[in-house]
Amino acid sequence: MIFMRSADIAVPASRYQLGADTFDAASPNWQGILATAHRNKARPACLCSSASPLMYVAKIQGEFYLKRMPGTGHAHDPSCDSFAMPPELSGLGQVEGKAITTDDSGETTLKLDFPLSVRGRRGVAPDAGDHEPTVAEASPSKLGLLGLLHFLWDAAGLTMWRPAYARRSWWIVHRELTAAAERANAKSMPLSSVLFVPPMFSAEKKDELAAARRRFLHHLQPVKGKPMPLGVLVAELKDMEPSQYGRRIRFKHLPDMAFFMEEELCARFDKLAGDKIRDVEAVEGAHLIVIATFNMRGNYAEIRQIAVMAVTAQWIPFDHDRELRLIEAMRDRHFSKSLRYNMRQDAPIANAVMLDTSPPTALYCPSQALQPELERELVEIAAEGVYPAWIWPAQDDDMPGLPAAG
């Protein structure tokens, strides 16, 4: 799901058709056209390709935005801002239609393998996001915590990069993640009712932001005799410090709200997230994104389950050093980053798809820790893929030249 907004993009506008009329974002009365389509529940067609994939109109904070229908991204032309890679090139292919389903109205239903309400206070283990070979993989019929973060990142368009993009800020990340949750449901409730993405902090608006946060979190306060409701936090980790019974977690843009994590959960978190934390600390400008379920205790929150994702200064996710080198080499190229959702770290999927080649090119750069037999499987799958493949062999330190744009 992609929003047509000018703050983050400067790309040629696609044209759309509604009935006999065609228009684009530069057309007079663009907002009026979208308002009418929204009121009539009409779906403009994007004319970027012969498939003419349908779009829908979303109303967000009083303005109207055109979004692609979920599951139709690959029907758009790669030059179109609504394009998304075929699902089989990422972990989305494993969960689409199972853990993630979308109806004809564009509403998405997510099946989650973690609770959004609990009885009792005890925390649960962090979601590692990758599993040891001796452990059964997560079911494709439900999304884990990290899988939910991957869905949100994809749906917000934050896996797509063009050289024309301005440098992204947390203001854009917050806006797109919040909007992506507005047409998704989980556990028979709107995802937007439990997803808390802190807006960009401003000292001048500190009281206003705190009041808005209290209003949003009010329904997560425990009620005696009822299951404890949980919220879902997506935020950038700032730092951690010891507390009496575990650790206090600080998040950027939330300087005036305390989150606590019990000691046992801290130990498991350190074991599973330590490498990601070091990866981010070693890369200038990188960020560590946290997704966590939490319950409220008055004016502070307790974390119950947590997962992390490393992203570049441009908020593009990366799993290891070689993938980071590939992303940095494509800073001036048009590409889409693949995400794993529920899949293991050694699963044979593309790391990214380069979209400024004709046709697009699937890029594979496996970790140097990948076993030889799994690399052979990856090469075979890449050769049979929908796009030509570029492969950086696991044991080669030097990255091969990237395909030329054309």
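**Notebook: strands, domains, salt bridges and a cavity**

I began with the hairpin that β17 and β18 form, in which 2 residues lie between the strands. In its turn I noted Gly 298, whose phi is positive at about 70°. I take strands (E, at least two residues) and helices (H or I, at least four) as DSSP runs numbered from the N terminus. I count two strands as paired if DSSP finds at least two bridges between them.

I record that this is a predicted model, in which local features need pLDDT of at least 70 and side-chain atom pairs count only at pLDDT 80 or more, while totals for chains, interfaces and linings use all residues. I number residues from 1 along each chain as its sequence is written, and side-chain values use heavy atoms, with hydrogens and water left out.

**Entry on β17 and its neighbours**

I looked up the pairing of β17 with strand β18 (residues 300–311) and found an antiparallel arrangement joined by 11 bridges. Across this pair, Thr 293 stands opposite Gln 305 of β18. I then turned to strand β14 (residues 231–243), which runs antiparallel to β17 and is joined to it by 6 bridges. Here I noted that Ala 235 has Val 290 of β17 as its bridge partner.

Is β17 buried or exposed? I found that 10 of the 11 residues of β17 (residues 287–297) are buried, so the strand is largely enclosed by the rest of the structure. I use buried for under 20% relative accessible area, exposed for over 50% and partly exposed for what lies in between (1.4 Å probe, protein chains only).

**Entry on a three-stranded sheet**

I found an open sheet of 3 strands in the order β2-β1-β3, with antiparallel pairing. Its edge strands, each pairing on one side only, are β2 (21–23) and β3 (45–46). Strand β1 (residues 16–18) pairs with β3 over 2 bridges in the antiparallel sense. In this pairing I noted Tyr 16 opposite Cys 46 of β3.

**Entry on domains**

I consulted the domain assignment, which gives domain 1 (15–75), domain 2 (87–311) and domain 3 (328–391). Such bounds come from an automatic or database assignment. I noted a separation of 32 Å between the C-alpha centres of domain 1 and domain 3.

**Entry on salt bridges**

How many salt bridges does a search of the whole structure find? I recorded 17 salt bridges, each being a side-chain nitrogen of Lys or Arg within 4 Å of a carboxyl oxygen of Asp or Glu.

I looked up the salt bridge between Arg 183 and Glu 107, whose closest N and O atoms are 4.0 Å apart. Arg 183 is in the loop between α4 (170–180) and β10 (184–186), and Glu 107 is in the loop between β6 (100–102) and β7 (108–110), so the pair ties together parts that are 76 residues apart in sequence. Arg 183 is buried, at a relative accessible area of 16%, whereas Glu 107 is partly exposed at 25%.

I next examined the salt bridge of Arg 340 with Asp 319, where the closest N and O atoms are 3.4 Å apart. Because Arg 340 lies in the loop between β19 (335–337) and β20 (352–354) and Asp 319 in the loop between β18 and α7 (321–329), the pair ties together parts that are 21 residues apart in sequence. I found Arg 340 buried at 10% relative accessibility and Asp 319 partly exposed at 21%.

A further salt bridge links Asp 346 to Arg 344, with 3.0 Å between the closest N and O atoms. Asp 346 counts as partly exposed at 25% relative accessibility, and Arg 344 counts as buried at 12%. I also noted one network, in which salt bridges that share partners join Asp 239, Glu 241 and Arg 250.

**Entry on a cavity**

I counted 2 cavities of 30 Å³ or more. A cavity is a set of points, on a 1 Å grid over the protein atoms alone, where a 1.4 Å probe fits but cannot get out; lining residues have an atom within 4 Å of a point. Grid points are joined across faces, edges and corners, and the volume is the space filled by probe spheres set on the points.

The second largest cavity has a volume of about 30 Å³. Which residues line the second largest cavity? I listed Asp 319, Glu 323, Lys 337, Ser 338, Arg 340, Ile 349, Ala 350 and Asn 351. Arg 340 and Asp 319, the salt-bridge partners above, are among these lining residues. By class, the lining has 2 nonpolar, 2 polar and 4 charged residues. I count Ala, Val, Leu, Ile, Met, Phe, Trp, Tyr, Cys and Pro as nonpolar, Asp, Glu, Lys and Arg as charged, and the others, Gly among them, as polar.

**Entry on Asp 398**

I located Asp 398 in the segment after β22 (389–391). With 62% relative accessibility, Asp 398 counts as exposed. I noted that Asp 398 and Arg 322 are 76 residues apart in sequence and 9.9 Å apart in space, C-alpha to C-alpha.

Conventions
On a 1 Å grid over the protein atoms alone, a cavity is a set of points where a 1.4 Å probe fits but cannot get out, and a pocket is an open set with protein on both sides within 12 Å along at least five of seven lines; lining residues have an atom within 4 Å of a point.
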